[in-house]
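Subject: The two-chain model, handed over

Hi,

Here is the model I promised to pass on to you. Please have a look at it first, and then read my notes below.

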Amino acid sequence: MGVDSSSTSNPEHAGGPGSLPRPYFVRSPRERLLEAMVRVAAAKGYEATTVDDVVEVAGVSHDDFDGMFASKEECFLEAYDAVIDVLVAHVTSAFESAAGEPWPERIAAGLGALVELLAAEADIARMAMVEVTAAGDDARARYRAALARFTPFLEEGRDYSRQSDELPPDTARFAIGGATSMIFDEIRAGRGPELQRILPDLVFAVLMPYLGPEEAEDEMRRVTHQG
Amino acid sequence: MGKQAATKVQAGAEGTGATGKVYPSPPAVRLVGSAKRQRILDGVLEAVGSVGYDATSVRTVLDRTGLYRQAFYDNFADKDSCYLEALSAGVAQLEAAAVSAAASAETWQGKLRAGLGAVLGTLDASPDVGRALVVEVHAAGAEALEKRAEAMKRATDFIDSAREAAGEAESPPPIAAEGIVAGIHAIVHARLAAGENDGFRELLPEFMYFAVLPYFGAEMADAEMRAARV
């Protein structure tokens, strides 16, 4: 069974065999703790999360936790890295598999994969996009580094763009920032599960600085009719 | 501007603060404009901006301001409510700086260049306050995030007023303004969060490009980018 929108948008299938990649099939105590951290931080918020909560949800002992992590923060950071690896792999694979298509369509495919995964995995979405911004300097540095991993896909747009001889240096950061802020607002407003609704808006926001409003709107319309 | 403007933000403060007269209600008016209260509001932003929201305690603020505990608790119930008020005042100050810089400009582009330039100049002058307002707001709870969302909305409304000025030139989808504000905000946020303390004013040319492009097209965006480099 492939990853298509009909199978993954159905919550009953989310996490089932052949569905979206699940980073933490529960195996070792470490994996259980990482998964528990994602669940608890998403449900209670990072600040309110305690090691007690995480240990209880994971069903492992305090000693196990102390043997593996120096602090709640260290556990959060490792869980965050695991979550980001899954997100980046998912988006990369969508971008790569659209290799023969024009750049705007590849970007739309990557964004489509991103919102699909975030919509199906509410805890991952909340942790990766919202709680991380409340979890201290190290977490925020990882968040910035995670967003920067999407930059190469966007920078291909410099060659594609007929917009300007010199696109501003922060064009990728502007595009990514616009999109992530929209996603952040949706998740915080509790609309994470319907994130696919804003895909056309995301497509416009990301393409506009490279292509200008008209071409960006063309691609936005194409995505709207497809969806 | 600075302290004056922040004091004015407190509605109905006229004539009460200078005397330090205590009114039974509403409590928000009490001691408004007092020098100590203002020192605490300034101090909490500087503390939060330099050591982070979580690491800031009432003690941290007192150490920075040289005030006694009593002065703090006469004015604020706790760190959270103190920060929330300082956040509102700080954002209002930034907005006032933008509005006053933009007042003499006639076009939307001129207002944007002047207003945004003033905001970026303020960040260069007080990066810690910028961090307290833009970065640490995320650690300060739901009410603080609500204030952030309101400020973003006001910025978005101003950006989208370009539609009237642009007329037939371009008519981007409704999401355009939100994308501009979010994108510019993200660049500023990333630099503040990374600990950068200057160079914000130098971002103005590219911000002009991003904001002008969807409403007026590439040619004018290029022209505005060049104009803002001066």
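Two residues are taken to be in contact if their C-beta atoms, placed from the backbone, lie within 7 Å. Please keep in mind that this is a predicted model.

With that cut-off, Val203(A) touches Ala108(A), Leu111(A), Glu219(A), Met220(A) and Val223(A), leaving aside residues up to four places away in sequence. Val203(A) is also one of the residues with the most contacts inside the largest nonpolar core, alongside Met37(A) and Val44(B). That core has 137 residues. Its biggest contributor is helix H11 (residues 204–229) of chain B, which gives 13 residues. Domain 1 (16–81) and domain 2 (96–229) of chain B each supply at least three residues to this core. As a general background, nonpolar side chains tend to be buried together in soluble globular proteins.

Next, the contact between the chains. Chain A puts 28 residues into it and chain B puts in 26. On the chain B side, the elements that give two or more residues are helix H10 (175–193) and H11 of chain B. H10(B) has the largest share of that side, with 11 residues. Sorted by class, the side of chain B that touches chain A has 15 nonpolar, six polar and five charged residues.

Now to the inside of chain B.

How do H2(B) and H5(B) lie relative to each other? The axes of helix H2 (residues 35–51) of chain B and helix H5 (residues 79–102) of chain B come within 9 Å and cross at roughly 95°. The two helices are therefore roughly perpendicular to each other. From H2(B), the contact is made by Ile40(B), Leu41(B), Val44(B), Leu45(B) and Val48(B), and from H5(B) by Cys82(B), Tyr83(B), Glu85(B), Ala86(B), Ala89(B) and Gly90(B). By class, the residues of this contact are nine nonpolar, one polar and one charged. Val44(B) is the residue to look at here, as it belongs to this contact and is also among those with the most contacts inside the largest nonpolar core.

Best wishes

Methods: Residues numbered from 1 in each chain as written. Chains lettered and ligands numbered in written order. Predicted model: local features only at pLDDT ≥ 70, side-chain atom pairs only at ≥ 80, totals over all residues. Axes fitted to C-alpha atoms, helices over the stretch in contact; angles between N-to-C directions. Helix = DSSP H or I, 4+ residues; strand = E, 2+ residues; numbered from the N terminus. Parallel < 35°, antiparallel > 145°, perpendicular 65-115°, else oblique. Nonpolar A, V, L, I, M, F, W, Y, C, P; charged D, E, K, R; others polar. Core = buried A, V, L, I, M, F, W, Y, C linked by C-beta atoms within 7 Å. Buried ≥ 20, exposed ≤ 12 C-beta atoms within 10 Å, placed from the backbone. Domains from an automatic or database assignment.
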